[in-house]
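Reader: I've just opened my first structure and I'm a bit lost. Could you walk me through how to read it?

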Amino acid sequence: MPVPLQTATTRWRCTLCGNLTRFDVTRSTRVVEYVHLDLAGEPRVEEREVLSETVESVRCRWCNAADQVELVDRPGTGADSGGADEGDGPGRA
Ligand SMILES: [Zn+2]
């Protein structure tokens with residue numbers, strides 16, 4: 001199942017438990033790195049150009065569901081959704 005990508009105005013939400021903030025993301029990335037080695041041979045990446053990036057899997061940290069995310073609007077991006085229910089944790093019963 002393809003994973004929807006977050007944008008500047010959207011974020012992930014677990015469709016099963018409502019988690020908005022904690023995910024394990026498996027990502028494959030092709031990059032060109034400018035590796036600068038010092039005289040001792042210690043490498044350091046000074047520039048990194050991302051050629052392509054693919055999110056392969058997103059797993060919810062709360063309920064462990066894989067790829068069960070949907071995109072929802074971020075708070076404060078003009079979406080008129082009330083915005084009173086943003087929270088950083090599971091609801092307490
Ligand atoms: Zn979840």
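This is a predicted model: local features need pLDDT of at least 70, side-chain atom pairs count only at pLDDT 80 or more; totals for chains, interfaces and linings use all residues.

Reader: Which secondary structure elements does the protein chain have?

Author: Helices (H or I, at least four residues) and strands (E, at least two) are DSSP runs, numbered from the N terminus. Here you get zero helices and four strands, so the order from the N terminus reads β-β-β-β. Pro4 sits in the segment before strand 1 (10-14).

Reader: And what does Pro4 touch, leaving out residues up to four places away in sequence?

Author: Contact means that two C-beta atoms, placed from the backbone, lie within 7 Å. By that rule Pro4 touches Val69, Glu70 and Leu71. Pro4 and Glu70 are 66 residues apart in sequence, yet their C-alpha atoms are 6.9 Å apart. Across the protein chain, 66% of the contacts with a separation of 6 or more are between residues 24 or more positions apart.

Reader: Which residues make up the largest nonpolar core?

Author: The general idea first: in soluble globular proteins, nonpolar side chains tend to be buried together. A nonpolar core is a set of buried Ala, Val, Leu, Ile, Met, Phe, Trp, Tyr and Cys residues joined through C-beta atoms within 7 Å. The largest one here has six residues: Val3, Trp12, Cys14, Val58, Cys60 and Val69. Beyond four places in sequence, the contacts of Val69 include Val3, Trp12, Cys14 and Val58. Over the whole protein chain, 9% of the 93 residues are buried.

Reader: Where is Asn64 found?

Author: Asn64 is in the loop between strand 3 and strand 4 (69-73), and Asp67 lies in that loop too. Check the backbone angles there: Asn64 has a positive phi of about 70° without being a glycine, and Asp67, also not a glycine, has a positive phi of about 55°.

Reader: Is Asn64 buried or exposed?

Author: Exposed, because Asn64 has 12 other C-beta atoms within 10 Å. Asp67 has 16 C-beta neighbours inside 10 Å, so Asp67 counts as partly exposed.

Note on methods
Residues are numbered from 1 along each chain as its sequence is written. A residue is buried if 20 or more other C-beta atoms lie within 10 Å of its own, exposed if 12 or fewer, and partly exposed in between; C-beta atoms are placed from the backbone.
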